[in-house]
Amino acid sequence: MSQTRYLPVPDALVGERADAALARMLGISRSKAAGVLADGGVSMDGVTLGKSDALRDGIVVVDLGEDGPAAPEPAVPGGLPVIYEDADVVVIDKPVGVAAHASVGWTGPTVTGGLAAAGITVAQVGVAERYGIVHRLDVGTSGLMVVAKSVPAYSALKRAFKERTVEKIYHAVAQGHLEPTAGTIDAPIGRHPSADYKFAVVDGGRPSVTHYEVLEMMPGASLVEVHLETGRTHQIRVHMQAIRHPLVGDMTYGADPVMARRVGLSRQWLHAHELAFEHPTLGGQVRVTSSYPADLEHALQVLRGA
């Protein structure tokens with residue numbers, strides 16, 4: 001039985017050639033992506049795409065052929081912690097290793113799957129694989145996410161994130177001691193010029209603004225509070241590398257592997273610690289916080305010398 005997937009085009013891939021973009025979205029080689037396109041298996045808005053066509057903002061429809069039914073999604077280990085819930089929204093504390101939603105090439109657990117397993121129904125609006133999702137966290141980043149349970153909440157929260165009225169506060173541990181101890185990083189971010197799986201500060205990139213304040217200095221590292229003015233992919237990680245203070249454990253963006261091994265981290269020290277937004281239907285502010293997960297807390301104590 002032929003499978004069809006509906007893939008939102010990431011902001012970073014808008015304008016890219018279809019073969020190159022599809023390869024990244026599906027996690028396959030460019031030549032294989034070109035073959036799928038040549039077979040007429042990819043379209044947008046009902047129009048079949050060729051390999052050199054530029055992707056627009058929207059949904060790419062991919063016919064995966066006779067691959068049989070998808071394997072069952074694995075459960076979130078230990079379940080998906082719910083921090084706040086009412087009739088319109090649910091706020092979860094996403095563990096590391098969990099994706100926001102299903103996508104081609106991802107075989108691990110997801111927030112949408114974890115909510116379904118917990119019997120929590122989300123807003124049936126948008127792309128089916130992303131029902132209720134109004135923002136995302138990287139698989140390797142833990143912390144707070146809000147998901148819409150009603151259609152009015154979905155519309156209001158999508159608008160709030162677009163208008164940047166949602167307060168997102170991250171805690172991160174960066175290598176070294178940041179000077180000044182509070183500041184703003186205003187540097188455009190785009191696709192890395194030589195490694196298409198990551199991003200970098202580049203001329204012509206999308207405007208990106210990060211505000212930071214050092215909360216604590218430790219031997220060789222700093223605990224930092226980060227407020228995002230924009231929300232680019234990997235923004236905190238890219239900006240911290242750009243000022244030569246990569247996040248502890250973040251080998252993709254220049255972290256010291258010796259320090260990562262010493263503190264026991266196999267991912268970046270980055271946590272979505274606090275989230276605040278106007279309730280989409282009731283009014284008033286919803287503000288929630290999340291404690292550091294065990295791996296980040298352990299790394300912090302090692303760095304403190306405890």
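**Note on the predicted model: salt bridges, core and strands**

1. The side chains of D19 and R17 meet in a salt bridge, with 3.0 Å from N to O. A salt bridge here is a side-chain nitrogen of Lys or Arg within 4 Å of a carboxyl oxygen of Asp or Glu. D19 counts as buried at 5% relative accessibility, whereas R17 is partly exposed at 34%. Buried means under 20% relative accessible area, exposed means over 50%, and partly exposed lies in between (1.4 Å probe, protein chains only). By the rule for salt bridges, the count comes to 9.

2. Residues are numbered from 1 along each chain as its sequence is written, and side-chain values use heavy atoms, with hydrogens and water left out.

3. A second salt bridge joins D138 and R237, whose closest N and O atoms are 3.7 Å apart. D138 lies in the loop between α3 (111-117) and β7 (142-148) and R237 lies in helix α5, so the pair ties together parts that are 99 residues apart in sequence. Helices (H or I, at least four residues) and strands (E, at least two) are DSSP runs, numbered from the N terminus. D138 is partly exposed at 26% relative accessibility, and R237 is buried at 7%.

4. Leaving aside neighbours within four places in sequence, D250 is in contact (heavy atoms within 4.5 Å) with R237, A255 and Q268.

5. R267 and D295 also form a salt bridge, with their closest N and O atoms 2.9 Å apart. R267 is in the loop between α6 (257-263) and β14 (270-278), and D295 is in helix α7 (residues 294-304), so this pair ties together parts that are 28 residues apart in sequence. R267 is buried, with a relative accessible area of 7%, while D295 is partly exposed at 25%.

6. Why is helix α5 described as largely enclosed by the rest of the structure? The reason is that 6 of the 8 residues of this helix (residues 235-242) are buried. They are Q235, I236, R237, V238, H239 and M240. After α5 comes R244, whose phi is positive, near 65°.

7. The largest nonpolar core has 29 residues. Such a core is a set of buried Ala, Val, Leu, Ile, Met, Phe, Trp, Tyr and Cys residues joined through side-chain atoms within 4.5 Å. The residues with the most contacts inside this core are V111, L115, Y170, V224, V226, I236 and M240. At least two of its residues come from each of β6 (89-94), α3, β7, β8, β12, β13, α5 and β14. For I236, the contacts beyond four places in sequence are Y170, V226, L228, L247 and L270.

8. Strand β13 (residues 221-228) has 7 of its 8 residues buried, so it is largely enclosed by the rest of the structure. Two strands pair if DSSP finds at least two bridges between them. Strand β8 (residues 167-175) is joined to β13 by 7 bridges, and the two run antiparallel; within this pairing, L223 in β13 is the bridge partner of V173. Strand β12 (residues 209-218) is joined to β13 by 8 bridges, again antiparallel, and E213 stands opposite E225 in β13. β12 and β13 form a hairpin with 2 residues between them, and G220 in the turn has a positive phi of about 80°.

9. Some backbone details deserve a check in the model. The peptide bond from E179 to P180 is cis, with omega near 0°, and P180 lies in the loop between β8 and β9 (182-186). D45 is not a glycine, yet has a positive phi of about 50°. This residue lies in the loop between β2 (42-44) and β3 (47-48) and is exposed, with a relative accessible area of 67%. R164, also not a glycine, has a positive phi of about 65° and lies in the loop between α4 (151-162) and β8.

Definitions and conventions. Predicted model: local features only at pLDDT ≥ 70, side-chain atom pairs only at ≥ 80, totals over all residues.
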